[in-house]
Amino acid sequence: MNRLTTSWGAFTLTRFPEDPRDQLRAWDASDEYLLGHLAEAGVDLSGTVAVLGDRWGALVTALQAAGPGELVQISDSYLGRRATQANLARAGAAPDAVRLLTTQDPPPERVDVLLVRVPKSLALLEDQLHRLRPAVHEGTVVVGTGMVKDIHTSTLKLFERILGPTRTSLAVKKARLIHTTPDPALAPSRNPWPYRYDLPADTPAPGLPGLTVTNHAGVFCADRLDIGTRFLLANLPGGFGPARVADLGCGNGVVGLAIALHEPQADLVFADESYQAVASAEENFRTHVGGGRTAEFLVGDGLSDLPAGSVDLVLNNPPFHSHQATTDRTARRMFTDARRALRPGGELWVVGNRHLGYHVTLRRIFGNSDLVASDRKFVVLRAVREHTP
């Protein structure tokens, strides 16, 4: 839990899910820099203020106390959205103080102040700037923020190419601001997202080679088949009949798609905390799986929306970063969540880099872990939900 002090008050902020052992803050110097600039410059916040990429709600939690006309947050993260809701409630904000939109929702029709927390994914920034451009007018104040290491020449070029002339501020506490002046005369360019590509001929799963897959901006490895996913595809279980199978952290859903195509009786669940990812998985399933088959698509906190003991098989390629921080916290939560969702005798199959030591974590959570396959870089591990004594 952290205390952020601003010109509009001090706010206690947490990430989601809250964990007292988690030392990662819910805000950083770039959030402070942006909020300080808005107050010092006396930026008019009485119109529609749109905040893009506000990771844990620090920006909108502070800004709602400034009393803008309409405050809108646009986020791709379910966990970030839950953190925002908790932080707003803790701050005593009215239930309608902030309009929460996802990156898949239509943006506001008019934006008077556009604040952009530069995301890790340059593709997501490109897509969202394109989507917001029609709402930006000549008088819109556009300010971006991020840590110096996250703001590159390519970042500035995106703002300039899509919105107008762009400059950066001096660095403060290793953070920097981006100032863009909207240019109404700027010819609009084409939004390249969603991106589509054909899976290569050597994709190691029946039915997948040559299929065209759709990837919305921000999805991990959106322009090619991830090598970790490739290794898992080469070592998938099969022959299990009418099982309920969850693709946990599904990304564009290609792992679950492989199961759907090869196991006609399988009942699929695609789950991810990214709205962009689940939209990609849903489009790929509906495009390539026929016969009237349906699947469940969950944007949420892992498999927490599923009843305990309701899944036969979970497939997982967990991330080992939380924004810029390297951590196994997400993987541990996914493994624990999978164990809860699995029926007794159900299995979790995980692919990961060898050096991450997931076998140790799985043994701690499941009491067992078997090596299915390995090469110089990756391992595929299996853990079984044991029967309760």
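Predicted model: local features only at pLDDT ≥ 70, side-chain atom pairs only at ≥ 80, totals over all residues.
**Helices, strands and one buried aspartate**

Visitor: Why is H9 called a helix, and what is its span?
Guide: A helix is a DSSP run of H or I with at least four residues; a strand is a run of E with at least two; both are numbered from the N terminus. H9 covers residues 329-341 and has 13 residues. The expected span is 1.5 Å times one less than the number of residues. For H9 that gives 18 Å, and the span from first to last C-alpha is close to it, at 18 Å.

Visitor: What makes Asp112 buried or exposed?
Guide: Buried means under 20% relative accessible area, exposed over 50%, partly exposed in between (1.4 Å probe, protein chains only). Asp112 has 17%, so this residue is buried. Asp112 lies in strand E6.

Visitor: What makes the pair Asp112 and Arg110 a polar contact?
Guide: The term needs a pair of N or O atoms within 3.5 Å; within protein, one must be able to donate a hydrogen and the other to accept it, and residues adjacent in sequence count only if both atoms are side-chain atoms. The side chains of Asp112 and Arg110 meet this at 2.9 Å.

Visitor: Which residues does Asp112 touch?
Guide: Contact means heavy atoms within 4.5 Å. Leaving aside residues up to four places away in sequence, Asp112 touches Gly47, Thr48, His137, Gly139, Thr140 and Val141.

Visitor: How do you know where the buried residues of H5 lie around its axis?
Guide: In H5 (residues 153-162), Thr155, Leu158, Phe159 and Ile162 are buried. Viewed down the axis, they fall within an arc of 95°, so they line one face of the helix. The arc is taken from the directions between the helix axis and the C-beta atoms. Exposed Thr153 and Lys157 are on the face turned away from the buried side. Among the elements that the buried residues pack against are helix H4 (122-132) and strand E9 (175-180).

Visitor: What makes E7 and E9 a pair of strands?
Guide: Two strands pair if DSSP finds at least two bridges between them. E7 and E9 have 6 bridges and run antiparallel. Thr145 stands opposite Leu177 in E9. E8 and E9 are also antiparallel, with 3 bridges. They form a hairpin with 6 residues between them. In its turn, Lys173 has a positive phi of about 55°.

Visitor: Why is E9 called mostly covered?
Guide: In E9, 5 of its 6 residues are buried.

Visitor: What makes E14 and E19 edge strands?
Guide: The open, mixed sheet has 7 strands in the order E14-E13-E12-E15-E18-E20-E19. E14 (296-299) and E19 (370-374) each pair on one side only. From one strand to the next, the twist averages 20°. H9 packs on this sheet, touching E12, E15 and E18, and its direction makes about 155° with that of E18. Such angles run from 0 to 180 degrees between N-to-C directions, with axes fitted to C-alpha atoms, for helices over the stretch in contact.

Notes
Residues numbered from 1 in each chain as written. Heavy atoms only, no water.
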